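Please read them with the structure open.

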Amino acid sequence: MKFPHYFQHDAMDCGPTCLRMVAAHYGRVYSLENLREKSLITREGTSMLGVSEAAENIGFRTTGVKVNYNELKTAPLPCIVHWNQVHFVVVYDIVEKKGKDSIYIADPASGKVKYTAEEFCRCWLSTRDGGVDVGVALLLEPTPDFYKLEGEKINRKGFSFLFSYLRPYKNLVVQLFLGLLFGSLLQLMLPFLTQSIVDFGISAQNIGYIYLVLIAQLVLTFSSSAVGFIRGWILLHLGTRINIALISDFLIKMMRLPMGYFDTKMVGDILQRINDHSRIQSYLTNSSLSILFSMFNMVIFSIVLFLYSYSIFAIFFLGSALYLGWVWMFMKYRAELDHKSFAQNSANQSNVIQLVTGMQEVKLNGCEHQKRWEWERIQAKLFRIRIRGMALSQYQDSGALLINQTKNIIITAMVAKLVIDGQMTLGMMMAVQYIIGQLNGPVDQLISFVRETQDAKLSLERLSDVHDKEDEEQTDEQRILDIPTDKDLVLSNLTFGYDATSVGVPVIKGVHLCIPAGKQTAIVGTSGSGKTTLIKLLLGYYPLQNGDIHLGGINLKNFSIREWRKQCGVVMQDGYIFSDSIAKNIAPGVEIIDKERLMNAVITANIKEFIETLPLTYNTKIGNEGHGLSQGQKQRILIARAVYKNPAFVMLDEATNALDTNNERIIMDNLHKFFVGRTSIVIAHRLSTVKNADQIVVLEKGEIVEIGTHQELTKKHGAYYSLVKNQLEL
């Protein structure tokens, strides 16, 4: 049974990729990015329920079942099954032959695989129900709506998109082509000079003629080397510039993506995609341009060889075709290994980053051995993939060498016989051998080009996962750039969940709230009540699933998200300190730092005294590669950063929870002065941080349960009273 197969782009994509294969089987093509969004994918991947939601969204009828193996055999195929309790695969056929079952699996991580019933059950069966081993499966059947939808016309930018990077360097490319042409013509003269030495110089015993021809050969060799040297320099400059452009464009695109995108991506995946650019750059500069030179040489020398002997020409091209065919046989398997290698290298990078950044916790918890073993297990998987890759290369190279050498031996025998029979001179024989040598090089380069084309294509598919993603803010002239700073923020029926399926529990549920302009609003509640999520929604981290946020009566989504964030001074719980000077951390992205604003910021954050005790004061480098800071010092740097911005809106998410009581009191006193005339939202657990707020909002399980001032809420003896009674000693 023929069944379409797609590889997942990373480990989190197995569910959407399985759905993509099933949709393609029924004749509808969808992009992985589209299905990822419909599957409500998170950093941990997606659930069976998320895949079901996406499937029904594109017109499938779905049924999630727990069945035993015999029941699965009677189910409609293809279906998606939960594999080893961590992965999704497609079962697309079960064939019974001689009393034994063969189960055909389309695995988005490793390709199409055939299993025996025992092997399949070992990976699929996950629990027992009524004394019978059962596994989880999602049955899918297309409805009439599935065929009404047109699917998508996927915009595959392909290699035309890549070659567009060569356009700015037309002059260099023209120079390169001239060099290639000149080098080919120089090489074309060499076999004729060799023939003339033997047939005319040696036969006539004219040593002067031989010296003259040898001098000509020396000049041609020198000229060819000079052309090659110049060509190499042009390729170096071209390659470096294109590589910088490729990675720069990738980073530009990444910085335009919604913040929510990075919640579902591992660091290793993103770094591995950046590494993929080196393959594309090599393909654009070395492979694609060099193959043109090789093909030009091949055409010219093929014509010359045909003029010498059409039979030798026929044998050479028959042997070369067999050589190319042998290598082509392994291309599909090579692509599968490439996908597996990408996934493991990505996991390896994530693991190494985790080890380095988390070394303190590793040593504190005495788990050095376990973490090292985790790394070693990844290395073992990488080693197995590399062994398989090496074995594949050996099969390819050994077979190719055998075909190539056999071809060369047959040609040598034929040429020798022609010389003996008098149909060819000794000089012609040497010229033919030179030509064969010149033709073998382009054939080898053609094989390398085919391999690098495959590598570039696979890399391009992975990069398209980023480049095809919709920007956080599309260029739109209707976006409002002028942010009103004296208007209320109004939240209407706001509902949001990170995995808010039809039966999922949202994190924010039907919130109605007015945040008055120029006033301080405090948000309190137990951990997990949705406080941080509410701030993230105000900052546009994620698209709203239901409800609206208005600023001055205008929907917040109608404003430029970039301009809106410029007006917001924000301190998040997981705020980041860059590896840079203190001054540049307080004023990131500012070319010329305003010293007066900087002083005001550090005084407000009560960190001026600490900074000025450092040898380099404000030029002291901090972050991962600089001077170590305590958690409280980091928080004060982040507060100073928000203050330096001089924003109209201030949002603090547990911004003082790592500070001692004295520092917190001083900073909050300073901040209350700073808040005057600004709209501020403060999330905190400590009573001292929120008691002076103009309104206090109490969140519980994503819902607002109380709103009022400190005095009003304590009198109610409700949720707020319960939260702070220990601090109040009531």
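**Notes on the predicted model**

1. Val352 is partly exposed, with a relative accessible area of 35%. Here buried means under 20% relative accessible area, exposed over 50%, and partly exposed in between (1.4 Å probe, protein chains only). Val352 sits in helix 12 (residues 331–357). Its C-alpha atom is separated by 7.6 Å from that of Trp375, 23 residues apart along the chain.

2. Ground rules. This is a predicted model: local features need pLDDT of at least 70, side-chain atom pairs count only at pLDDT 80 or more, and totals for chains, interfaces and linings use all residues. Residues are numbered from 1 along each chain as its sequence is written, and side-chain values use heavy atoms, with hydrogens and water left out.

3. Overall content. The protein has 25 helices and 17 strands. Helices (H or I, at least four residues) and strands (E, at least two) are DSSP runs, numbered from the N terminus. Of the 730 residues, 47% are buried. Contact means heavy atoms within 4.5 Å. Among contacts between residues at least 6 apart in sequence, 74% join residues at least 24 apart.

4. Two strands pair if DSSP finds at least two bridges between them. Strand 14 (residues 649–653) and strand 15 (residues 679–683) are parallel and share five bridges. Phe649 stands opposite Thr679 in strand 15.

5. Axes are lines fitted to C-alpha atoms, for helices over the stretch in contact, and angles run from 0 to 180 degrees between N-to-C directions.

6. A second open sheet has the order 9-8-11-12, and its pairing is antiparallel. Strand 9 (508–515) and strand 12 (554–555) are the edges, each pairing on one side only. Strand 11 (residues 546–551) runs antiparallel to strand 12, joined by two bridges. His550 stands opposite Asn555 in strand 12. Helix 16 (residues 531–538) lies across strand 8 (489–496), strand 9 and strand 11, at about 115 degrees to strand 8.

7. A helix pair. How do helix 11 and helix 14 run relative to each other? Helix 11 (residues 310–328) packs on helix 14 (residues 368–420) at about 175 degrees, with axes 9 Å apart. The two are therefore roughly antiparallel. For reference, angles under 35 degrees count as roughly parallel, over 145 as roughly antiparallel, 65 to 115 as roughly perpendicular and the rest as oblique. Residues meeting across this pair include Phe316, Tyr323 and Trp326 in helix 11, and Tyr395, Ile403 and Met414 in helix 14. By class, the contact has 15 nonpolar, six polar and one charged residues. Ala, Val, Leu, Ile, Met, Phe, Trp, Tyr, Cys and Pro count as nonpolar, Asp, Glu, Lys and Arg as charged, and the others, Gly among them, as polar.

8. Helix 3. In helix 3 (residues 48–57), Met48, Gly50, Val51, Ser52, Ala54 and Ala55 are buried. The buried residues of helix 3 pack against elements including helix 1 (14–25), helix 2 (32–38) and strand 7 (132–142). Just after helix 3, Gly59 takes a positive phi of about 105 degrees.

9. Strand 4 (residues 100–107) and strand 5 (residues 111–116) are antiparallel, with six bridges. Ser102 has Thr116 as its bridge partner in strand 5.

10. Tyr147. This residue lies in helix 6 (residues 144–148). Tyr147 is partly exposed, with a relative accessible area of 40%. Not counting residues up to four places away in sequence, Tyr147 touches Tyr26, Arg28 and Pro142. The C-alpha atoms of Tyr147 and Tyr26 are separated by 8.8 Å, at 121 residues apart along the chain.

11. Cysteines. The count of disulfides is zero, a disulfide being a pair of cysteine sulfur atoms within 2.5 Å. Cys514 is partly exposed, at 36% relative accessible area, whereas Cys568 is buried, at 1%.
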